[in-house]
Amino acid sequence: MKQVDATVRKETLYILYWVLGLSALLQAVFLVLGRFDVIEPWNIRMLLGNALSGGVGVLNFFLMGLTVQKALGQDEKRAKNAIKTSQLYRMMLLVVATILGAVFLHLWATIIPLFFPRVAIAFRPLFDRKSNENI
């Protein structure tokens, strides 16, 4: 297997840091809301659901990066098929993890972290502004 490209590694770490930070914030919100009886009191299922879907979200991003890295060295038709196949399997992974987390852990703690990588991607241009000014 080829070595993981530095860009894939760097971007996956960026997503990981955001997911960890937003997961900590989510757990704090659950703790506060549970304290004021807005939702059920905080329990370990909330943390495990968050960890499951946050981990799967980061894994999904990493696998997407690996697929794109691999597709760059192929002809157009093979690259297109590889990306479609990867997308199908990654979506199945997300669906299975979401169903398992929602049924056995905590519904909201499983669903909300799936959006954390998207939030990180949305904020990326704000942090790249300094590096783009030098160009």
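Biologist: In which helix does Ser86 lie?

Modeller: The model is a predicted one. Residues 76-104 make up one of its helices, and Ser86 falls in that stretch. The element that holds Ser86 is helix 3.

Biologist: Is Ser86 buried or exposed?

Modeller: The relative accessibility of Ser86 is 11%. Buried means under 20%. Ser86 therefore counts as buried.

Biologist: Which residues does Ser86 touch, not counting residues up to four places away in sequence?

Modeller: A contact needs heavy atoms within 4.5 Å. With residues up to four places away in sequence left out, Ser86 touches Leu63 and Thr67.  Helix 2 covers residues 44-71. The residues asked for are Leu63 and Thr67.

Biologist: What span does helix 2 reach from its first C-alpha to its last?

Modeller: Helix 2 has 28 residues. At 1.5 Å a residue, 40 Å is expected, and the span in the model is close to that. From first C-alpha to last, helix 2 reaches 40 Å.

Biologist: How many helices and strands does the protein have?

Modeller: From the N terminus on, the elements run α-α-α-α-α. The count is five helices and zero strands.

Biologist: What share of the contacts with a separation of 6 or more comes from residues 24 or more positions apart?

Modeller: Contacts in the protein are taken here at a separation of 6 or more. Among these, residues 24 or more positions apart account for 74%.

How values were computed
Residues are numbered from 1 along each chain as its sequence is written. This is a predicted model: local features need pLDDT of at least 70, side-chain atom pairs count only at pLDDT 80 or more; totals for chains, interfaces and linings use all residues. Side-chain values use heavy atoms; hydrogens and water are left out. Helices (H or I, at least four residues) and strands (E, at least two) are DSSP runs, numbered from the N terminus. The expected span of a helix is 1.5 Å times one less than its number of residues. Buried means under 20% relative accessible area, exposed over 50%, partly exposed in between (1.4 Å probe, protein chains only).
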